[in-house]
Amino acid sequence: MQEENVSRVVNNATDTRSEYAILAPPLFSVIIVVGCIGNTLLLYTVIRWREMRTPCNYLIANNAIADLGIVTIAAPLRIVDVYQGWVLGKPVCQLLAPTQDALAVVSIITYTLIAFERYRAVLSPFKRKLSSRSILMIILVTWVLAYLSAGLPIAMHLTVVNKAGKSYCMASFASDVSRQIYEIYLVVVFLLIPLTLQTLAYSRLVHRLTREDPLKRSFSDPRSSHKRQLKKKRLVRVTITLVVFFHICYIPRMVVMLIYEFARPSFTNNIYFKYADLVILVLFYVKHVINPLILFSISTAFRRRFPCNMSNMYNCRSSFLARALSSRRLTLTSKLIETMEKGNGENGEVIHRESML
């Protein structure tokens, strides 16, 4: 979240020689570059290939849009805060900071919807699939709900304050108790509950995929059974990898948010805890970068359609050469026809016979 740690970012950023000012810019720069490239390629893959436009992949594309917004809006502002503070004024502060929170919540909700969509597709394969219109309506509701539940509540408390000669976009609560209640609300509603739901869905999904029905095995073709088993194993591997990385990136963030609110200042001001806080903050942003890397490296469907990847580089190069040769052949043929039309009948006949060889 953007606002829950602005005050400690201010404390660290006021001294440009601090560990935060030294380490944050290069770390967030890597996140921006990798996140922009990965999520853009992920969106291109889903849009480019018709067979990839499934309900689950539409949700993945929606998650990529939210992640792309975070790495292009929130991450750059982290770097600017280190040196310049907030330079966009109070109206933009009240508009842009809540949008950053809404983007993070869209990603969390979409991740949970992906878990339930995969759960529904495997455990109820004969039920009617969601239509494109239905999934687009779900995505629209997700964005509206994210802003109303995460962006709007904090927008009422945002203001621009001056500290150490710089301006910062910060949330100003009436009391410490109200701020703590809001922090608990963020952790429970947007971290604890989604992680629990995802864990339950994926655990039951893995249990179902790893369970083999002996009756179906005895009456099925060995080759088709083997292919199904391989497909199940790949799906289990992708599923476990996604949920593990989600937990790794989000659980530490949840713990640190609570520590800053309820632990003693002597503990949170420790230099080692500050380094750990920076690493965990970067890890939280890594979640918005890692999804395309996981899908393109593990998922066969995405890897096969990755633009000119290492496995199909030869095919890409061959298709390029084929198109070039075809274009060259068409150019030569057109010139040949043009020469035939301009030449006399005898020469034209000779050229025609030579062109057919």
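Analyst: Happy to! Let's start with Ile 22, which you will find in helix 2, residues 19–48. Ile 22 has a relative accessible area of 53%, and exposed means over 50%, so this residue counts as exposed. Now look for Val 82: 60 residues separate Ile 22 from Val 82 in sequence, yet their C-alpha atoms are 9.1 Å apart in space. Keep in mind that what you see is a predicted model.

With a relative accessible area of 6%, Trp 86 is buried. Setting aside neighbours within four places in sequence, Trp 86 touches Leu 77, Asp 81, Val 92, Cys 93, Leu 96, Val 160, Ser 167, Tyr 168 and Cys 169. Take Val 160 from that list: it is 74 residues from Trp 86 in sequence, while the C-alpha to C-alpha distance is 7.8 Å.

Now step back to the whole chain. The protein has 13 helices and two strands. Of its 357 residues, 41% are buried. Among contacts between residues at least 6 apart in sequence, 79% link residues at least 24 apart.

On to the packing itself. Two packed helices are described by the angle between their axes and by the distance between those axes.

Begin with helix 4 (residues 89–123) and helix 6, whose axes come within 9 Å and cross at roughly 20°. Angles under 35 degrees count as roughly parallel, so helix 4 and helix 6 are roughly parallel to each other. Their crossing is left-handed. On the helix 4 side, the residues that meet helix 6 include Val 105, Ile 108, Tyr 111 and Tyr 119. On the helix 6 side, Tyr 182, Phe 190, Leu 197 and Leu 205 are among the partners. Sorted by class, the contact of helix 4 with helix 6 has 18 nonpolar, two polar and four charged residues.

Next, compare helix 5 (residues 132–155) with helix 6 (residues 176–210): the axes come within 12 Å and cross at roughly 170°. Since angles over 145 count as roughly antiparallel, helix 5 is roughly antiparallel to helix 6. Helix 5 brings Ser 149, Ala 150, Pro 153 and Ile 154 to this contact, and helix 6 brings Tyr 182, Tyr 185 and Phe 190. The classes here are six nonpolar, one polar and no charged residues.

From helix 3, the residues in contact include Ile 60, Asp 67, Val 71 and Arg 78, and from helix 10 they include Leu 281, Tyr 285, Lys 287 and Leu 295. The contact of helix 3 with helix 10 divides into nine nonpolar, three polar and three charged residues.

Two residues named above lead us to the aromatic rings. The structure as a whole holds eleven aromatic pairs. In the pair formed by Phe 246 and Tyr 250, the ring centres are 4.5 Å apart and the planes are at 5°, so the pair is stacked. Phe 246 and Tyr 250 are four residues apart in helix 8 (residues 222–262), which means that about one helical turn separates them. Buried means under 20% relative accessible area, so Phe 246, at 1%, is buried. Tyr 250, at 0%, counts as buried too.

Note on methods. Residues are numbered from 1 along each chain as its sequence is written. This is a predicted model: local features need pLDDT of at least 70, side-chain atom pairs count only at pLDDT 80 or more; totals for chains, interfaces and linings use all residues. Side-chain values use heavy atoms; hydrogens and water are left out. Axes are lines fitted to C-alpha atoms, for helices over the stretch in contact, and angles run from 0 to 180 degrees between N-to-C directions. Angles under 35 degrees count as roughly parallel, over 145 as roughly antiparallel, 65 to 115 as roughly perpendicular and the rest as oblique. Contact means heavy atoms within 4.5 Å. Ala, Val, Leu, Ile, Met, Phe, Trp, Tyr, Cys and Pro count as nonpolar, Asp, Glu, Lys and Arg as charged, and the others, Gly among them, as polar. Rings of Phe, Tyr and Trp (its six-membered ring) pair if their centres lie within 6.5 Å; planes under 30 degrees apart count as stacked, over 60 as edge-to-face and the rest as tilted. Buried means under 20% relative accessible area, exposed over 50%, partly exposed in between (1.4 Å probe, protein chains only). A crossing is left-handed if the near helix is turned anticlockwise from the far one by less than a right angle, and right-handed if clockwise.
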